[in-house]
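Could you have it open while you read my comments?

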Amino acid sequence: MNSKVLHTLEFDKICGILSEYCGSAPAKRLCDNLRPSSDPEWIERSQQETSAALTRLLKNDRLSFGANFDLRNLLKEAGLGRALSMGELLAVARLLHCVGDLYAYGEGFEEEDCLSARFAVLDPLPSLYEEIERCIRSEDEMADDASKRLKEIRSSFSVISGRIHSQLNRMVNESLRTYLQDAVVTMRGDRYCIPVKAEYKSKVPGIVHDQSSTGSTFFIEPAVIVEMNNQLGRLKQEEDEEIRRILLAFTAKVAEVSDIIGEDQKNLTMLDFIFGKAKYALKFNAVKPVYNEKHIIRLKKARHPLLDPAKAVPIDVTLGDLYDLLVVTGPNTGGKTVSLKTVGLLTLMGQAGLHIPAGDRSELSLFTDVFADIGDEQSIEQSLSTFSSHMVSIVSILKKAGPDSLCLFDELGAGTDPTEGATLATAILEHLHGKGIRTMATTHYSELKLYALSTPGVENAGCEFNVETLSPTYRLLTGIPGKSNAFAISKKLGLSDAIIDAASKHISSDAESFETVISELNEKRKLFESEREAFMQDKAALEKRIAELEDREQKFEAKKDKILSSAREEARDLLQEAKDVADETIRAFNKQGGQMKLSTMEKKRSDLRSRVSAQEEALYKGELKLSRKKVSTGEELSASEAKPGVRVHVLSMDMDGVIESAPDKDGVVKVRCGIISSRVPLAELVKSSDTEPEKNEKRTARPLDLSKVSGISPEINVIGATVDEAVARLEKYLDDAYMSHVEKVRIVHGKGTGALRKGIHDYLRYNSIVKSFALASHGEGDAGVTIVEFR
């Protein structure tokens, strides 16, 4: 890849931004030296690594590379035997500690990817860095317990220092106080001294180490502590020697594993670089491009990475599929050059292993070289004009470009006579087109627009411009040439109509006709895009509705078995309740000595139990299919046929019953199945095999539970309860009263604020067994009591 295009397309700026997302200096240097590659395997591997790192970041972004330093020189010196300093050893420990953290980070992901191997080869050497961190507290402090000998030396040093201080404190505070300038202990060199007045110098035996600038104070080391100071000096020397011995020992250990540390540092740098690319992709919403081998570029919603993402207008560009040459036209500052640079820069970024700021599934292809002639390349030093400078660059490109090249030209043929410039530009593009070289060029020349319209494999594109606001929209529209809009812009800016009309007369009829065609095409395009947008919105709404319906259908199918099972359970409970009621009825009549003979009652009970047991057994065997489908032998029942006494089959319960009431306004009738009465919609009923009206059998509106009749009070008191508590109690009480054939009941709720009364009335209003309710009359409780009448 030629180095000039990297600067022209500002790839070096991308590398500078990328380095900001790396945490260490070695990784930043990799960013600065990053170059596009023409090796497809390297490109694919680099793109996959960036994608894998991005996936990991989205799951866990807690990783740091700040401790990664270039240790190559340090490791080399360690191998030569030079003792590493405490700071250098700490640098080694911190790097290894960072390696350990990265290794743990890699182990935290169960799913393997292309980065798993890089994490797996990391060797943090925990025993080495833990020992260094234990022994070395900082760059100039060795821990006391770094070695047994060092601890002994420092312990002796501390004891002797304590003795010296005790001796000196007695001197300055007692025997020698009057001889001293100040009652303090000071240091001169490595020796403890006391400040003695000059006139008392002979009174304090010892060694004079210094005197003040005025000569009034002598700093004397008392003779009694000279030997102890000497001992401190010897201990300090031994301490330095022991520390050096420890550093040499650590240096030897580092030298032994220098190869491992070197590999760790390389892998750490590479991981930092890869995750830096991933952080860049995350920041700029970049994606992994799809590569093809047909030299096709298909960018969707591509953005120039150096523009503000919030303001950059995405563009769609295709090149190399139906056409290998794209001619971009439009007004100045309309976005032509940005579009050109976007295609070139994203190509370079992709081949450098970087994700590109574009829509998902955007396609790129591998080019061995990218050439770009963009910008004003006027050279004063070489006495070249703008046109000449561009032509020198174009000549060089024509010599080097081949079928595997991508060529980009900005304002091709500009800077000279328009007629000659247009013909030159046409010939250059025709030459490149003949060789099948992927080319994109911007221009103002109408001749190039006509060339693109009339030549197979060449396509026009235009940058849209809003004449009303005098501002470009920066949208790239493929298939329609752009307009310069010079007249419209000039008129908007205040140029008189007379001048504009005069200028229009100098335009040839062919050119005017061509511009008119372009305008009409633009109007038709806008109309088409408006209709297409409306269609896409309708399509999206329809697809959403279809998806919702499919989802509902799936949920219905998933719950179907559960609903059927629940229905079977409910039917079984109803059957069990019927058995219990029948047994209770027999016992009650037997106890109270009813008119019916006991043998007859027992026979009926036995028949009922046998029938119910048979139905229950059928339920367990799955012979009763509870569904909403009509049985094959049953006919639908009309509203006119649903009369009291008519026998029907209830589909939801799979039971035969007798209609007790005509359909109400909602199409619901009351059906008695055995001793159970239920409200059932007409849609749940079909004609029974026996449709004759029921005769000689007493009909009852509600089943009679004799065990509850005597225990039901005609009144319930809920004063003091909340609305929820009162409704819960009322629900059971009203059910028991209704099943016990009580006609009316009284609910005592009190007057109070009226909130409890209102809540009870709201509940009664929607209760299916309540026929009516009203406040009690005067003298019977008034507004504190509600009278309820059952259906």
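My comments follow as numbered points.

1. A word on the basis. This is a predicted model, in which local features need pLDDT of at least 70 and side-chain atom pairs count only at pLDDT 80 or more, while totals for chains, interfaces and linings use all residues. Residues are numbered from 1 along each chain as its sequence is written, and side-chain values use heavy atoms, with hydrogens and water left out.

2. Do have a look at the pair α3 and α11. Helix α3 covers residues 25-32 and helix α11 residues 258-283; they pack at an angle of about 60°, and their axes are 8 Å apart. Helices here are DSSP runs of H or I with at least four residues, strands are runs of E with at least two, and both are numbered from the N terminus. The axes are lines fitted to C-alpha atoms over the stretch in contact, and angles run from 0 to 180 degrees between N-to-C directions.

3. That angle makes α3 oblique to α11; the term is what remains once angles under 35 degrees (roughly parallel), over 145 (roughly antiparallel) and 65 to 115 (roughly perpendicular) are set aside. The crossing of α3 and α11 is right-handed, the near helix being turned clockwise from the far one by less than a right angle.

4. Which residues make the contact of α3 and α11? From α3 come P26, A27, L30 and C31, and from α11 Q265, T269, M270, D272 and F273, where contact means heavy atoms within 4.5 Å.

5. Beyond neighbours within four places in sequence, L354 touches I14, L18, L34, Q47, K277, P289 and M349.

6. Please check two backbone angles. E10, in the loop between α1 (3-8) and α2 (11-19), has a positive phi of about 65° although it is not a glycine. H295, in the loop between β7 (290-292) and β8 (297-302), is also not a glycine and has a positive phi near 55°. Relative accessibility is 17% for E10, which is buried, and 14% for H295, which counts as buried.

7. Lastly, L651 lies in the loop between β17 (647-650) and β18 (655-659). At 5% relative accessibility L651 counts as buried, and its C-alpha is 9.9 Å from that of V680, 29 residues away along the chain.

Methods. Buried < 20%, exposed > 50% of the residue type's maximum accessible area, 1.4 Å probe, protein only.
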